[in-house]
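Here is a structure to look through together. Shall we take it one question at a time?

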Amino acid sequence: MKSSSNSATADTIVIGGGLHGCSTALHLALRGMKVIVVEKDRVGRHASSANAGGVRRLGRALPEVPLSAASAQMWQNIEALVDDDCGFVASYQVKLADTDEQMDQLRARAQQVRDIGFEHEHIIDQQTLRDLVPAVSPACIGAMAVKGDGFANPFQTIKAFHQKCKQLGVTFHEGSGVDRIERAGTEWSVQTADGTFVAPNIVNCAGAWGGKIAAMLGDDLHVEARAPMLIITEKMPHFIDCVAGAQGIPFSFKQFPNGTVLIGGGHVGTAHPDINKTDLNFEGLATYAKTAQRYFPIMKNAKIVRCWAGIEGFMPDGIPVIGAGQADNVFHSFGYSAHGYQMGPVCGKILSELVIDKASTLPIAPFAPTRFAA
Ligand SMILES: Cc1cc2nc3c(=O)[nH]c(=O)nc-3n(C[C@H](O)[C@H](O)[C@H](O)COP(=O)(O)OP(=O)(O)OC[C@H]3O[C@@H](n4cnc5c(N)ncnc54)[C@H](O)[C@@H]3O)c2cc1C
């Protein structure tokens with residue numbers, strides 16, 4: 001067992017060393033704050049490095065659209081933020097349709113996005129789709145497409161954010177799970193297996209464990225731990241640049257520059273967050289494989305080399321909690337419900353604004369922790 005010898009003070013303690021914790025710490029440090037990040041395992045151990053790397057505005061819940069659009073701009077220039085391109089490849093994300101009904105649904109959706117002032121989702125016809133994605137099944141009659149979306153490398157991303165934070169003076173305590181949080185005058189005292197840390201501000205970026213931290217801070221926020229799954233194939237000849245999904249079906253499909261193909265999009269295994277473990281659901285994995293063959297006939301020859309799942313926090317309404325808690329100088333940012341990687345850069349900035357300016361420059365009212373109050 002570790003000795004509890006550490007004791008340090010800071011302006012802000014960030015709980016959780018995933019992408020959202022690192023991005024929050026980075027933006028706070030850029031504005032001159034002294035920041036400590038406490039992480040129960042290792043930085044990036046969970047969803048932030050296990051994810052599919054999809055960088056997508058396409059199909060976002062409407063309240064997320066302004067945040068996702070702002071984050072997309074940051075991804076275009078991610079190297080300026082973290083001195084690393086994070087493996088970001090901008091191409092297209094497309095959502096495929098193979099029935100007239102699905103095309104109507106996509107048209108209606110694109111109109112909803114235009115109605116709130118955003119123009120990035122476009123409907124494309126069968127020929128344009130085939131020009132963009134020659135390997136797509138002839139059964140697909142069109143798609144919704146977003147130019148400039150794409151994918152990045154999750155492990156490279158978290159490593160770059162972590163590294164940049166350290167350069168800016170952020171202190172990380174790994175293997176430092178938070179057991180207890182107490183108010184001490186105007187300060188918060190955060191007790192961990194690795195020592196006690198004191199600061200006036202706390203940001204809860206604990207992902208699927210965010211509800212537990214919220215409870216320690218007096219906020220009743222239920223987050224469900226689920227285990228989204230992914231499949232990766234052996235290397236295949238290059239056949240697609242876009243990231244593809246399908247209307248109304250849990251499916252996400254991309255080919256990396258090294259030729260491997262990643263298949264995911266919503267099937268889940270079982271999460272055991274208390275022991276950092278996941279169990280795969282082979283029925284869900286088989287459905288992924290069949291769906292991939294349905295939309296991309298070339299996949300009939302693919303060989304799967306590995307499958308895995310990550311532990312992710314889901315909120316009841318499918319969008320994260322971003323905002324102040326009930327107690328003074330407490331802020332929450334968790335429950336990204338399997339689409340928080342793309343939003344990492346901008347949400348860290350939003351949290352830094354909440355801590356320092358007490359207000360966000362982007363519209364975050366729909367994400368308020370108070371929305372679940374009875
Ligand atoms: C398989 C999979 C595929 C995905 N694909 C995509 C995608 O393509 N595009 C996309 O945008 N999103 C995707 N996501 C979602 C995305 O990965 C997450 O929304 C995002 O990484 C969440 O980041 P986070 O920092 O909030 O959480 P996490 O990465 O889970 O970090 C939270 C951290 O808090 C730590 N912690 C918890 N409790 C404590 C405690 N008591 N004390 C100290 N530390 C604590 C944890 O150990 C963890 O490291 C996917 C997720 C999964 C699992």
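Predicted model: local features only at pLDDT ≥ 70, side-chain atom pairs only at ≥ 80, totals over all residues.

Residues are numbered from 1 along each chain as its sequence is written, and side-chain values use heavy atoms, with hydrogens and water left out.

Me: Which residues form the covered face of strand S11?
Reply: Strands here are DSSP runs of E with at least two residues, and helices are runs of H or I with at least four, numbered from the N terminus. In a regular strand the side chains alternate between the two faces of the sheet. S11 spans residues 195-199, and its uncovered face holds Thr196 and Val198. The covered face is Gly195, Phe197 and Ala199.

Me: In S11, what is the bridge partner of valine 190?
Reply: Two strands pair if DSSP finds at least two bridges between them. S10 (residues 187-192) pairs with S11 in the antiparallel sense over five bridges, and the two form a hairpin with two residues between them. The partner of valine 190 is phenylalanine 197.

Me: And in S11, what is the bridge partner of threonine 9?
Reply: Strand S1 (residues 6-9) pairs with S11 in the parallel sense, over four bridges. The partner of threonine 9 is valine 198.

Me: Which residues does the UniProt domain annotation cover?
Reply: UniProt positions follow the numbering used here, with shortened feature names, and annotations may be inferred rather than shown by experiment. The unreviewed entry's "domain: FAD dependent oxidoreductase" covers residues 11-354.

Notes:
Buried < 20%, exposed > 50% of the residue type's maximum accessible area, 1.4 Å probe, protein only.
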